[in-house]
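I opened this model to look up how its parts touch one another. My notes follow in the order in which I went through it.

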Amino acid sequence: MRDLVEVLFKEIPSGVGSKGRLRLSRTDQERLLLRGARWAVEQGYGEPEDLLYIESGGAIEGADPSLISEKAYERGRAQQGTLGSGNHFLEIQYVEEIYDERAAQVFGLFPEQVTLMIHTGSRGFGHQVCTDYLQVMESAVKKYGINLPDKELACAPFNSQEAQDYFAAMKAAANYAWANRQCIMHWCRVAFMKVLGASKTELGMHLIYDVAHNIAKVEQHTVDGKKRRLIVHRKGATRAFSAGHPEIPDRYRDIGQPVLIPGDMGRASYVLIGTEQAMKESFGSTCHGAGRVLSRHQAIKRAKGRAIWREMEDAGILVRSAGRKTLAEEMSEAYKDISSVVDVVERAGISKKVAKLRPLGVVKG
Amino acid sequence: MSGQVTIERLDETRLKVPIGYVQGMAVEGIIYVDSVLQNYLEPDAIKQVANVATLPGITGRSLAMPDVHTGYGFCIGGVAAFDIEQGIISPGGVGYDIN
């Protein structure tokens with residue numbers, strides 16, 4: 001396990017502003033923004049089959065690279081295939097508990113199985129897209145005379161040019177994130193093969209699912225008995241479509257969409273499935289993680305004089321981190337208990353537990 | 001906040017943010033928390049759920065998941081759906097860490 005964590009830490013660049021092994025030309029970047037994880041697979045990072053198990057097949061249609069600022073391109077150039085910092089992580093986990101035998105079997109999960117979870121997004125590229133378009137929206141609010149209770153809610157009518165431009169740029173950033181995780185997953189597989197001396201087939205590391213949790217999408221939902229086309233914003237919320245939905249991969253269609261809930265680094269993560277109730281009341285959505293209870297600053301104060309890595313090691317979890325403060329900021333106490341969060345969405349009926357995953361080895365930014 | 005209107009517990013896992021919690025709400029808010037997680041619920045996050053309910057074209061309800069906390073304009077843990085014809089799109093509703 002120590003070797004695996006070391007190799008993952010070495011092979012997957014992490015930390016604030018970390019640079020990856022890819023240096024993308026402008027043409028490469030534009031292709032990546034249009035094709036997302038498909039671009040990554042075309043470059044040899046992963047298998048075509050992976051794409052079947054990524055939300056939207058790993059790329060949303062309608063991204064427009066011409067609407068991306070130079071600054072975003074600059075930030076994105078060297079960060080593809082990197083983990084970043086903050087709550088992002090790579091975790092080697094094991095299946096501690098199965099709650100839904102049938103769903104677990106269909107997803108290929110079984111007790112004590114070792115799993116790998118990747119939690120990262122569009123890095124500095126997406127951050128820059130958000131920054132750029134918040135400015136555009138500030139002007140749009142004035143132009144269209146929108147009355148806001150808080151200027152941070154800056155927005156534009158969906159049919160306006162400003163809104164369509166943001167939507168196309170956001171899609172590009174979403175595709176950047178899907179490509180990023182695809183590249184990282186590929187290098188993780190290579191690292192596992194190297195450390196364990198196993199072939200791809202022997203390893204059998206198939207992708208269960210890849211799902212976004214900060215995105216806006218046009219979807220059809222039934223509201224008050226009427227089918228409506230809506231622009232659904234999920235910010236720290238995960239799509240959780242129920243069985244039968246056409247966007248669910250064929251193999252999972254009778255079960256429901258897998259939902260991945262990354263927890264804090266010391267406790268657990270979960271695999272859930274979407275439910276009919278979620279379609280009825282939460283636009284097919286559920287929670288996304290534990291949610292902070294301490295600010296980063298408070299957490300650093302609380303961790304003063306403690307060796308968080310050693311506390312984790314004593315609890316049987318090996319951890320490597322690029323940033324000096326990250327482990328303090330990210331310690332379990334800084335988060336709500338993921339199990340109580342997941343229990344609430346299950347009791348509310350908007351998703352159903354399939355499996356609980358316990359961390360064994362953690363790589364943090 | 002408009003004085004009198006307060007959040008109401010609907011059942012074991014749902015709180016309602018009634019219309020009128022802030023001025024101009026077109027729909028109500030729902031926050032999925034039980035009595036334990038309610039202890040972590042920040043007043044600013046509740047206000048954000050209510051604020052989102054004032055935006056043009058908001059449909060159904062303004063929602064927050066049990067991992068809710070205060071974010072940029074929209075709370076983190078939030079779900080909001082807007083009509084494609086009458087509604088808006090907002091970068092704050094997606095956040096900085098896109099996807």
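Entry 1, a strand pair between chains. I started at A:K235, which stands opposite B:G78 in β5(B). The model is a predicted one, and I read what follows with that in mind. I then looked up the strands themselves: β5(A) pairs with strand β5 of chain B, residues 76-83, in the antiparallel sense over 6 bridges.

Entry 2, the rest of the chain contact. I noted that 62 residues of chain A are in contact with 49 residues of chain B. On the chain A side, the elements that give two or more residues are α5 (123-143), β3 (156-157), α6 (161-196), β4 (214-223), β5 (226-235), β9 (285-286) and α12 (338-348). I sorted the residues of that side by class and got 38 nonpolar, 15 polar and 9 charged.

From α5(A) the contact takes residues including A:F125, A:V129, A:Y133 and A:M137, and from α6(A) residues including A:Y166, A:A169, A:A173 and A:Y176. By class I have 12 nonpolar, 2 polar and 3 charged residues in this contact.

The domain assignment gives domain 1 as 1-84 + 120-204 and domain 2 as 93-113 + 211-307 + 320-365. I found their C-alpha centres 19 Å apart. The contact between them takes 20 residues from domain 1 and 16 residues from domain 2. On the domain 1 side, α1 (2-11) and α6 are the elements that give two or more residues. The largest share of that side, 5 residues, comes from α1(A). I classed the domain 1 side as 13 nonpolar, 5 polar and 2 charged residues.

Which way does α1(A) lie against α6(A)? I looked up an angle of about 140°, with the axes 10 Å apart; that makes α1(A) oblique to α6(A). The crossing of α1(A) past α6(A) is right-handed. A:D3, A:L4, A:V7, A:L8 and A:E11 of α1(A) make the contact with A:W187, A:C188, A:A191, A:F192, A:K194 and A:V195 of α6(A). I counted 8 nonpolar, no polar and 3 charged residues there.

Conventions
Residues numbered from 1 in each chain as written. Chains lettered and ligands numbered in written order. Predicted model: local features only at pLDDT ≥ 70, side-chain atom pairs only at ≥ 80, totals over all residues. Contact = placed C-beta atoms within 7 Å. Helix = DSSP H or I, 4+ residues; strand = E, 2+ residues; numbered from the N terminus. Nonpolar A, V, L, I, M, F, W, Y, C, P; charged D, E, K, R; others polar. Pairing = 2+ DSSP bridges. Domains from an automatic or database assignment. Axes fitted to C-alpha atoms, helices over the stretch in contact; angles between N-to-C directions. Parallel < 35°, antiparallel > 145°, perpendicular 65-115°, else oblique. Left-handed = near helix turned anticlockwise from the far one by under 90°.
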